[in-house]
Structures are given as structure tokens and as C-alpha cells.
Amino acid sequence: MEHIEAELLTDGGNDAVVRLPGRRFPGLLLQGDSLHILRGDVAEVAAACERGDLTGARDSAGLLLATTLLTRYATALQEHDIPLPY
């Protein structure tokens with residue numbers, strides 16, 4: 001295991017915005033349980049698609065799109081005068 005210093009651009013929380021050494025843009029650090037929940041949400045969309053349940057897939061996908069991860073990331077970069085990578 002290697003120990004390094006990283007820039008923490010938000011509070012720790014379950015979805016911290018962190019820039020690792022040598023990286024131009026920060027990344028989003030998700031806790032394992034949050035990642036597992038996100039994966040389950042994507043699995044719901046896939047299962048609805050397999051069943052042909054487009055309404056269910058659309059509803060589940062809408063919930064995924066409504067998550068605040070991207071907003072949290074963009075806000076953190078803006079607050080630190082870092083341009084968005086996209």
C-alpha cells in the first residue's frame with residue numbers, strides 16, 4: 001500500500017471530490033456501500049429493459065440522472081476555479 005497526499009476539495013462524506021497527485025482533474029471518491037447502491041440502481045434499469053418494461057426503465061433511469069454526484073463534482077471544481085473536464 002502506498003501512502004500519498006491528495007487534495008480534498010469537499011468534505012469527506014460518501015462522495016468526496018479528490019485530486020490525486022499528477023492528475024489535472026479531480027475525481028469522485030465513492031464509498032463502497034454507495035458504489036454498491038449505484039450498481040443496484042443500474043441493475044434495476046437493465047432488468048426493466050430485459051422485461052420490456054420501458055416505463056420502469058425510464059423511471060429508474062430518471063432517478064439515476066437525478067442523483068447529485070455530477071452537481072457536487074461540478075460545484076467543487078467551480079469553487080476551486082478548476083475547469084470542468086467535459
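Q: In β2, which residue is the bridge partner of L8?
A: Happy to start here, keeping in mind that this is a predicted model. β1 and strand β2 (residues 15-19) run antiparallel to one another and pair over 2 bridges. For L8, the partner in β2 is V18.

Q: In β3, what is the bridge partner of V18?
A: Let's follow V18 across to the next strand. β2 and β3 also pair in the antiparallel sense, over 4 bridges. In β3, V18 is bridged to G27.

Q: Which strands are the edge strands of the sheet?
A: The open sheet has 3 strands in antiparallel pairing, and their order is β1-β2-β3. An edge strand here pairs on one side only, and that describes β1 (7-8) and β3 (27-30).

Q: Which helix packs on the sheet, touching β2 and β3?
A: The helix in question spans residues 69-79. Its direction makes about 40° with that of β2. This is helix α3.

Q: How many residues of β2 are buried?
A: Side chains in a regular strand alternate between the two faces of a sheet. In β2, D15, V17 and R19 point one way, A16 and V18 point the other way, and all are buried. That leaves β2 mostly covered, with a buried count of 5 of its 5 residues.

Q: In the hairpin of β1 and β2, which residue takes a positive phi?
A: This hairpin has 6 residues between the strands. The positive phi is near 50°, and the residue that takes it is G13.

Key. Residues are numbered from 1 along each chain as its sequence is written. This is a predicted model: local features need pLDDT of at least 70, side-chain atom pairs count only at pLDDT 80 or more; totals for chains, interfaces and linings use all residues. Side-chain values use heavy atoms; hydrogens and water are left out. Two strands pair if DSSP finds at least two bridges between them. Contact means heavy atoms within 4.5 Å. Axes are lines fitted to C-alpha atoms, for helices over the stretch in contact, and angles run from 0 to 180 degrees between N-to-C directions. Buried means under 20% relative accessible area, exposed over 50%, partly exposed in between (1.4 Å probe, protein chains only).
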